[in-house]
Amino acid sequence: TKFQEEIYTEVYLAVTESREVSMQHEIRQVEAASRKTTRPEKAIKYKDIFKDRPGRDEPVKKVLTTGVSGIGKTLLTEKFCLDWADDRANQDIHFLFPFTFRELNVLKEKKFSLIELIQHFFPETKDAEISNFEEYRLVFVFDGLDESRLPLDFRTNKIVTDVTETASVDVLLTNLIKGKLLPSARLWITTRPTAANQIPDGSVDVVTEILGFNDAQKLDYFKKKCKDDQLVNRIMSYIKTSPALNTMCHIPVCCWIMATVLEEVMKTREEEELPKTLTELYINFLQIQSIFNNRNGLELEWSAPSKEKILNLGKLAFEQLQKGILIFYESDLTKSGINLKSVSLYTGMFTDIFKEETGQNQDKAFRFTHLSVQEFLAALYVHLKFMNSDVNLLDESGYWMLSMRKTNLHHSAVDKALQSPNGHLDLFLRFLLCLSLPTNQKLLNGLLQKKNNSQTNQDTIKFIKDRLDSGLSTEKTINLFHCLKDLNDHSLVEETKQSMSSGRLSMESLSPAQWSALVFILLSSEEEMDMFDLKKYSASEQAFLRLLPVLETAKRALLGFCNLSKRSLEVMSSVLSAQYNILKELDLSNNELQDSGVKLLSSGLESPHCSLEILRSGVTFSLHCETLASIISTQSSCLKELDVSNNELKDSGVESLSTGLRNSNCTLEILRLSGCQITVNGCKYLASALSANPNHMKELDLKRIQLKLLKTDKMLSLELDLNTAHRNLKVSDDRKTVTVVREEQPYPDHLERFEHCCWQVLCKNGLAGRSYWEVEMKGPVIIAVSYKRISRRGNTADCRLGWNDQCWSLVCTEKGCSFWHNKEEKTVSFYYSSLMPNRIGVYVDYSTGTVSFYNATSNPMLHLYTFHTKFTAPVYPAFGFGFGLWSYDSTVSLCDL
Ligand SMILES: Nc1ncnc2c1ncn2[C@@H]1O[C@H](COP(=O)(O)OP(=O)(O)OP(=O)(O)O)[C@@H](O)[C@H]1O
């Protein structure tokens, strides 16, 4: 425990809210996690593991902590216990009982009451005659659920509520976890991610995950382990030379391996002589653990006993790795040919490689210090078998046995690793290929009977390149690039880099291998990718899918105008719900996304792992406002800015959306609803939702809403007033259209009729509130609002639209638009010179005295000009033709809105 105290370094522990069983190989999980900056808001201190959580009313009683092998689960629980025992933390706890599943496995067949189980492991409680545990605050720690061999059947196990009732250990455990037994007790269970789903949903209060060391914590660790600043600096700069090593160092146990090797080799070697690859480092590790006969510079000789044991351990490692087994019991060892009597020889010689983990009841379990050590030994074994006995253990055809075909070990290994759906042979492959490098062959001197020639490596490189060109998924190819790098072949990467820098790289004609090289280059770049802009590479779905691993490392993804389809949305959704995703901003605007695609995307947006703060959705969500509402109101939602402009949400959509806005979980600060066809009713929903949840919203963009609002604020059904129409204007039967005609119309005389050269007509409807209407037109035309009292006879100027103080007019010709009131042309800051619009919108607000004109042809609508005045009587829509501008057939039609 003193050692643990000294070496213990804070690890990054994060609340994840839900557990996700990642089927990816642990190395891929760590690679993914290490590439991504963790989310500080999710980090917690191990001391606070049972502290109340914000947003949770109930106290935290049951915690599940996941983490890959060697990430420090056991050490963390031990540290928690130590701190408590030394009165450093959590002093409110009266009793703390740490168990490991490994110990409990042995009691599988036995029956205990909970009291007896406690007394079995902690006899002091018996001596102290403590039996009524309900009176105390208890914490049970169960470490290593992944090692459990207990049939934890939560559905069918009988219910036990009495601490004195006897039952099998698994029944006691399921009842403790379900809260039936000692409901007031607190529980902490740790497990590797793959076994987390043994605990049913809802039976734990909080799920946390250990993400390992971040960069600062790595440095801390090496300082504690090596205690020599100069050495620590050398180690840190050494690790930074290789992304692969840096990734591995997120796992504390790998830091330990690294430190063990580097402490030793840095004593005698200069920087350029340090291990170049992970494989070389692991060979060094094995050497340090072995007993050497003699030392002759760098050429170390392997002792005969260690040779034999390495082979035996390698056999065990390889055979169990193929089955995915990482913890071995005595029977597994016997099966792999390790004599039980000599086990102590192995654990004695390779103490830091092969560990015996004996529980209290003498049940022996064995494991390699870390999965990577097992993978390395397995690769070494396969390599030695091939080199020394021509046996290709990876060729399952068995032809090699009959010498019918010369098999190639590396080809079989590459293909086997590619076949694995979750990359579980990735690291094994890297080790295996790298073992045949001349530097490593030299180190293996003594274990090998013959040497590999470089021809084999050239052949392997060619084989890998062929595979890269066969259209594999990018994820699979990344490991192959690591292999090429280890084999000292940088040609593909260099070629692609050169084409990139010379601008010769045409995305449209990239070969699959070049795509993969591009991804590898972007991922290996020192610079952090903050913004991923797909258009920079190619605005296509193919590019999106190929570059996905790069997108996953970015905080902002711009995917607008990229022709993405449903397939991309499905993929995007899984990015958003991936556990370590760090995406904060997503721009999907202007993609033709189908409805079903939106549904798919929303499952990602609702995921508790989604940390998106800004979403620009383009024309996506029109039919999914309810989904949108539920996204913004999920407890885990981090959305701060939502832009759904130009979606036809309409009032009903806004009504649905408002239920989300009203929810106290909604923390939106900016909402953009420009051009969403919202009317006054929609605004009412918004207003009421925002006043119910007023603390967050800072900016509400309702551009272009007012127009639509007024369309229905007062449902205008405008009608032309035949009594006012000039005789050269033909008014349609429905009173909606007026056309200039040569032939005078037989309209009767009327006091309100325009005459002479004032080819004009008014509408019947007087506007006294707020109103909006639109007209379509052909040919030059004057669109105006006018008092009814505008003169009909006498001086022409008094009758003409725009030439007196009775009306406010837009004169629209092929040359552009001008605005007139009282003979004055208004200076318009925006000179409208493009083509004549064929649809004009007019907004009149009587009380504020405004008349605004819009070009309603353009999308978004363009504001042209606003008159400001003070109305003294209702105004009437009015239209005019003529004044040298007119042409026969000019027409104006009132639009239905
Ligand atoms: N926080 C830490 N500080 C320093 N060293 C650590 C820390 N965590 C882990 N280690 C090192 O890593 C080794 C393995 O850690 P531990 O057994 O806790 O991992 P684990 O997550 O329980 O792994 P497994 O799932 O394989 O049981 C420790 O023996 C120690 O050398």
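Select the ligand and the side chain of T74: an N or O atom of that side chain lies 2.7 Å from a ligand oxygen atom. This counts as a polar contact, a pair of N or O atoms within 3.5 Å; within protein, one must be able to donate a hydrogen and the other to accept it, and residues adjacent in sequence count only if both atoms are side-chain atoms. The model is predicted, so local features need pLDDT of at least 70 and side-chain atom pairs count only at pLDDT 80 or more, while totals for chains, interfaces and linings use all residues. Residues are numbered from 1 along each chain as its sequence is written, and side-chain values use heavy atoms, with hydrogens and water left out.

Next, pick K73. A polar atom of the K73 side chain is 2.7 Å from a ligand oxygen atom. Then move to V253, where a backbone N or O atom sits 3.5 Å from an oxygen atom of the ligand. The ligand taken alone exposes 630 Å², and the protein buries 87% of that (Shrake-Rupley method, 1.4 Å probe; for residues, only the protein chains shown count as cover).

Now show the shell around the ligand. The largest share comes from α3, with three residues. In total, 18 residues surround the ligand, and the closest are T9, K73, T74, L75 and R192 (a residue is near if one of its heavy atoms lies within 4 Å). Coloured by class, the shell shows 10 nonpolar, five polar and three charged residues. Here Ala, Val, Leu, Ile, Met, Phe, Trp, Tyr, Cys and Pro are nonpolar, Asp, Glu, Lys and Arg are charged, and the others, Gly among them, are polar.

Six of its eight residues are buried, so α28 is largely enclosed by the rest of the structure. The buried ones are C625, T627, L628, A629, I631 and I632. Buried means under 20% relative accessible area, exposed over 50%, and partly exposed in between (1.4 Å probe, protein chains only).

Go on to A687 in helix α30, residues 680-692. A687 is partly exposed, because its relative accessible area is 47%.

The structure holds zero disulfides, a disulfide being a pair of cysteine sulfur atoms within 2.5 Å.

Technical notes: Helices (H or I, at least four residues) and strands (E, at least two) are DSSP runs, numbered from the N terminus.
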